[in-house]
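Trainee: I would like to take a close look at the charged side chains and their pairing. Could you first set out the chain as a whole and then lead me through the pairs one by one?

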Amino acid sequence: MIKEVIVVEGRDDTVAIKRAVEADTIETGGSAIGETVLKKIALAQERRGVIIFTDPDHAGERIRKIVAARVPGCKHAFLPEAEATKRGDIGVENASPEAIRTALSRVRSEAPGVEAAIDMEDLISAGLIVHPQAAARRKALGELLGIGYCNGKQLYKRLSVFRISREEFAAALAELESKGV
């Protein structure tokens, strides 16, 4: 049983989550999140904690940002796009129970206001920004660290907010290099 309430986009996501784990969910109903849903999420955060588990696409990221901005202290679970895609459709509902359990086992907590261990120079040196393969490298790094895909600016913020240490960053980069990405 997952203690926290898991925030998902829709009914099919709830079904997929319940196939994988015993948990309660709140459905946002898509990217047009209403005030009532946000209040319900805030109450869940206050009482039990919240894990935001949205689709690894633009709409899912938009929902994640809206919820995280309105309800501080949420935890985040990320699915790699490849594990959430079926016949061209991207979504939590397409992930296997094992992929969902893995994503939930790698939940990250926000720690706003923490000084970044990794700076922009580190990202440039690692070829994660201002590099011909930067997007592919960020995608692979996000999967290795369990923080999802994001652009360079978002990566910098996530590394700080999720308190990724220099050691974790270096280990993930070494694995990236060993895979030839």
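Mentor: For a chain of 181 residues, a compact globule would have a radius of gyration near 16 Å, and the chain has 16 Å, which agrees; this radius is taken over C-alpha atoms, and the globule rule is 2.2 Å times the number of residues to the power 0.38. The model is predicted, so local features need pLDDT of at least 70 and side-chain atom pairs count only at pLDDT 80 or more, whereas totals for chains, interfaces and linings use all residues. Residues are numbered from 1 along each chain as its sequence is written, and side-chain values use heavy atoms, with hydrogens and water left out.

Along the principal axes, the C-alpha atoms fill a box of roughly 45 × 40 × 30 Å. The chain holds eight helices and seven strands (DSSP runs numbered from the N terminus: H or I of at least four residues for helices, E of at least two for strands). Buried residues account for 47% of the 181 residues; buried means under 20% relative accessible area, exposed over 50%, and partly exposed in between, with a 1.4 Å probe and protein chains only. Of the contacts (heavy atoms within 4.5 Å) between residues at least 6 apart in sequence, 62% join residues at least 24 apart.

We now come to the charges. The chain carries 27 positive and 27 negative side chains, and the centres of the two sets lie 3 Å apart. Here Lys and Arg count as positive and Asp and Glu as negative, with His and the chain ends not counted; each charge is placed at NZ of Lys, CZ of Arg, CG of Asp or CD of Glu. Side chains of opposite charge can pair when their charged atoms come close. The chain has eleven salt bridges, a salt bridge being a side-chain nitrogen of Lys or Arg within 4 Å of a carboxyl oxygen of Asp or Glu.

One of these pairs joins arginine 11 to aspartate 12, with 3.7 Å between the closest N and O atoms. Arginine 11 is exposed, at 60% relative accessible area, and aspartate 12 is partly exposed, at 42%.

A second pair is formed by aspartate 122 and arginine 166, at 2.7 Å from N to O. Because aspartate 122 lies in helix α5 (residues 120-125) and arginine 166 in helix α8 (residues 166-178), this pair ties together parts that are 44 residues apart in sequence. Aspartate 122 is buried at 18% relative accessibility, while arginine 166 is partly exposed at 41%.

Helix α8 also takes part in the next pair. Arginine 137 forms a salt bridge with glutamate 177, and their closest N and O atoms are 2.7 Å apart. This pair links distant parts of the chain, since arginine 137 belongs to helix α6 (residues 134-145) and glutamate 177 to helix α8, 40 residues apart. Arginine 137 is buried at 6% relative accessibility, and glutamate 177 is partly exposed at 47%.

Finally, Glu61, Arg64 and Arg158 are linked in a network of salt bridges. Arginine 158 is situated in helix α7 (residues 152-161) and is buried, with 10% relative accessibility. Beyond its neighbours within four places in sequence, arginine 158 has contacts that include Glu61, Arg64, Phe78, Tyr149 and Ile164.
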